[in-house]
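Open the model in your viewer and keep the selection tool at hand. Each stop below says what to select and what to look for.

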Amino acid sequence: MRFRTLLPFLLTSLITIAMLWLTQISLGVEGEWSWDRIPFAAAEMIPGWIVTAIAFAVYLLLTLIALSRMPDCRWYELAVWLAALTTAAGLWSLQLQDSPPGEYRLSKAAFVLYYKGSSGYFTQAQTEISDVSQFLSEYEGKMEQGDVLHEGTHPPGLPLFYLALIRLCENNPGLQSFLLDTQPASFQEAADVIAGMTSRSEHPLVPRDRAVLWLATLITLSMSALTVVPLFLLAREFTSSTVSWQVAAFWPLIPAALIFQPKSDALYPVIAMLFLYLWVIACRRNNLIYAFLAGLLIWGGLFLTLAFLPVGACAVCFSILQLWPRLTGSREPHAAWKTFAFTALSGLAGFCLPILILATVFDLNMLRVWFLNFQNHAGFYSEYTRTYWKWLLFNPLEISLALGLPVAWLVFRSLCSRGGFDSEQSTAPPNSLKPLLLSCGLVLILLWLSGKNMGEAARLWLIFLPWFLLMTIPYWQAILDSQAREKTQASSFLKLQTVWIIALTAQALVCVATVSRITGFHFPPG
């Protein structure tokens with residue numbers, strides 16, 4: 001391997017470490033918003049780093065063994081490897097999150113989920129929802145009050161999610177006991193602090209609440225880890241299983257996916273990627289069932305957060321770009337229109353059915369709720385000063401650090417590549433990746449220019465970060481094609497994967513350096 005291939009990964013790692021650890025450069029815009037640094041505590045951090053290094057060695061070995069099996073992998077073996085990758089991602093996340101010092105460990109999960117300043121949905125479910133029907137019927141009026149923070153800018157899905165967890169723990173004492181017994185020491189210490197502070201309040205922290213907070217943490221972490229599955233499946237639609245695995249293996253090493261645990265933002269990527277996968281399949285194969293399921297899924301996402309609006313826009317853009325060649329190149333464009341119309345109507349039916357049920361059964365107008373949520377979100381910038389041009393310049397750097405500079409370099413390198421999958425010498429499937437990448441890129445650019453994320457973009461864009469991994473497909477495909485042209489199959493497997501191993505290692509180093517240094521939450525210690 002040439003040194004110039006290694007150099008970008010070396011430089012991106014060094015730049016990240018230097019920026020986060022050797023300088024005090026503001027990670028944001030002074031006076032408006034910035035991410036805080038975690039103080040260095042050698043006695044607590046270094047042992048955690050040693051254990052993390054061992055954990056990554058195991059992760060790398062697992063992914064390499066699976067990668068070697070990809071060309072000959074049958075569906076049942078593939079399912080086992082994806083389950084193993086999901087499990088490894090979850091364990092890696094738990095280990096890395098518990099390696100920073102003091103209150104920045106998994107203890108943060110209890111504070112983040114309990115206090116209204118950082119989340120508030122658990123508290124809302126605990127104290128405000130006694131009757132689901134009444135809660136839903138009054139929700140539109142609640143949104144009209146104009147809250148510009150958590151409650152006023154979100155649909156009712158998250159409070160109901162926490163209410164379901166509360167009811168689950170209440171009705172299953174065995175599950176509650178199991179959750180209480182499996183809490184790590186750092187989480188228990190945080191819960192003890194909350195219990196002490198709320199002991200004389202109207203709603204003290206009881207064992208059930210401890211179990212709910214830990215269950216919510218585990219669900220969020222598991223859902224985030226599960227993102228590797230739809231990410232792999234979607235990539236597999238456009239490239240080989242080998243390249244798809246190479247791409248999916250990077251997700252557990254994305255810094256933002258760990259820093260913002262257990263915020264609800266970490267729940268969204270798997271839902272968004274599964275929706276895109278179902279919609280791509282529906283459009284390519286004219287599958288009405290997949291289209292209907294995709295419609296249900298995007299409704300479910302929007303029932304949780306408006307962040308799914310750009311995901312839906314991406315799907316619409318992909319549909320247009322996918323349909324356009326058939327309209328312009330086919331002798332019977334009306335047939336293409338007819339087929340697409342059935343697919344679109346099936347997706348629309350899946351989306352509208354829950355809306356009609358809520359309107360009929362609970363007197364809840366979701367369309368107006370979404371409008372009010374959007375309006376309240378816009379009101380945030382009326383109360384909190386933001387300078388558009390400053391954030392326009394800072395957001396690309398913020399997203400690059402949230403993604404990890406090695407992956408950001410891979411994205412840049414892929415976008416600069418020529419030929420790609422249209423080349424006759426490519427070993428990729430004939431399905432062109434361009435419509436999907438163009439759709440993702442266009443939506444991201446419009447979102448960036450809109451100024452909707454002037455502050456906390458690293459967290460709010462977490463739902464879109466898997467798109468950037470899809471953008472690295474051309475890079476890995478080009479290497480695979482080059483090896484095929486040069487007939488290097490006789491070389492050892494490890495030699496063929498040298499670039500990927502170095503890139504994954506550099507990304508892991510950056511992930512550890514970022515998660516150990518940056519806290520994604522502004523709340524007082526203890």
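Select Asn 286. This residue sits in the loop between helix 15 and helix 16 (288-304). The structure is a predicted model. Check the backbone here: Asn 286 has a positive phi of about 55 degrees, although it is not a glycine. Buried or exposed? Asn 286 is partly exposed, with a relative accessible area of 36%.

Now jump to Asp 363. Look for it in the loop between helix 18 (333-361) and helix 19 (366-383). Its phi is also positive, near 55 degrees, and Asp 363 is not a glycine either. Asp 363 counts as exposed because its relative accessibility is 58%, and the cut-off for exposed is over 50%.

One more backbone stop. Select Gln 261 and Pro 262. The peptide bond from Gln 261 to Pro 262 is cis, with omega near 0 degrees. Pro 262 belongs to the loop between helix 14 (255-259) and helix 15.

Next, the nonpolar core. The largest one holds 158 residues. Val 311, Trp 467, Trp 476 and Trp 500 have the most contacts inside this core. Colour helix 15 (residues 268-285): the largest share of the core, 14 residues, comes from there. Then select Val 311 and show its neighbours. Which residues does Val 311 touch, leaving out those up to four places away in sequence? They are Ala 272, Phe 275, Leu 276, Ile 298, Ile 463, Phe 464 and Trp 467.

Turn to the aromatic rings. The whole structure has 24 aromatic pairs. For one of them, select Trp 21 and Trp 49. The ring centres of Trp 21 and Trp 49 are 5.8 Å apart and the planes stand at 75 degrees, so the pair is edge-to-face. Trp 21 lies in helix 1 (residues 3-21) and Trp 49 in helix 2 (residues 42-69), so this pair ties together parts 28 residues apart in sequence. Trp 21 is buried, at 19% relative accessible area. Trp 49 is partly exposed, at 29%. Arg 517 lies over the face of Trp 21, 4.8 Å from the ring centre. For an aromatic cluster, select Trp 33, Trp 35, Phe 260 and Phe 521.

Now the charged side chains. The count comes to twelve salt bridges. Select Glu 44 and Arg 105. Their closest N and O atoms are 3.8 Å apart, and the two form a salt bridge. This bridge links distant parts of the chain, 61 residues apart: Glu 44 is in helix 2, and Arg 105 is in the loop between helix 3 (75-97) and helix 4 (107-114).

Move to Arg 210 and Asp 192. Their side chains meet in a salt bridge at 2.8 Å, N to O. Arg 210 is in helix 11 (residues 207-225) and Asp 192 in helix 10 (residues 185-198), so the pair ties together parts 18 residues apart in sequence. Arg 210 is buried, at 16% relative accessible area, while Asp 192 is partly exposed, at 45%.

Leu 180 is found in helix 9 (residues 173-181). Not counting residues up to four places away in sequence, Leu 180 touches Gln 188, Pro 207, Arg 210 and Ala 211.

Last stop: Arg 208 and Asp 209. They form a salt bridge, with the closest N and O atoms 2.7 Å apart. Both are buried.

Methods:
Residues are numbered from 1 along each chain as its sequence is written. This is a predicted model: local features need pLDDT of at least 70, side-chain atom pairs count only at pLDDT 80 or more; totals for chains, interfaces and linings use all residues. Side-chain values use heavy atoms; hydrogens and water are left out. A nonpolar core is a set of buried Ala, Val, Leu, Ile, Met, Phe, Trp, Tyr and Cys residues joined through side-chain atoms within 4.5 Å. Buried means under 20% relative accessible area, exposed over 50%, partly exposed in between (1.4 Å probe, protein chains only). Helices (H or I, at least four residues) and strands (E, at least two) are DSSP runs, numbered from the N terminus. Contact means heavy atoms within 4.5 Å. Rings of Phe, Tyr and Trp (its six-membered ring) pair if their centres lie within 6.5 Å; planes under 30 degrees apart count as stacked, over 60 as edge-to-face and the rest as tilted. A charge sits over a ring if NZ of Lys or CZ of Arg is within 6 Å of the ring centre and within 35 degrees of the ring normal. A salt bridge is a side-chain nitrogen of Lys or Arg within 4 Å of a carboxyl oxygen of Asp or Glu.
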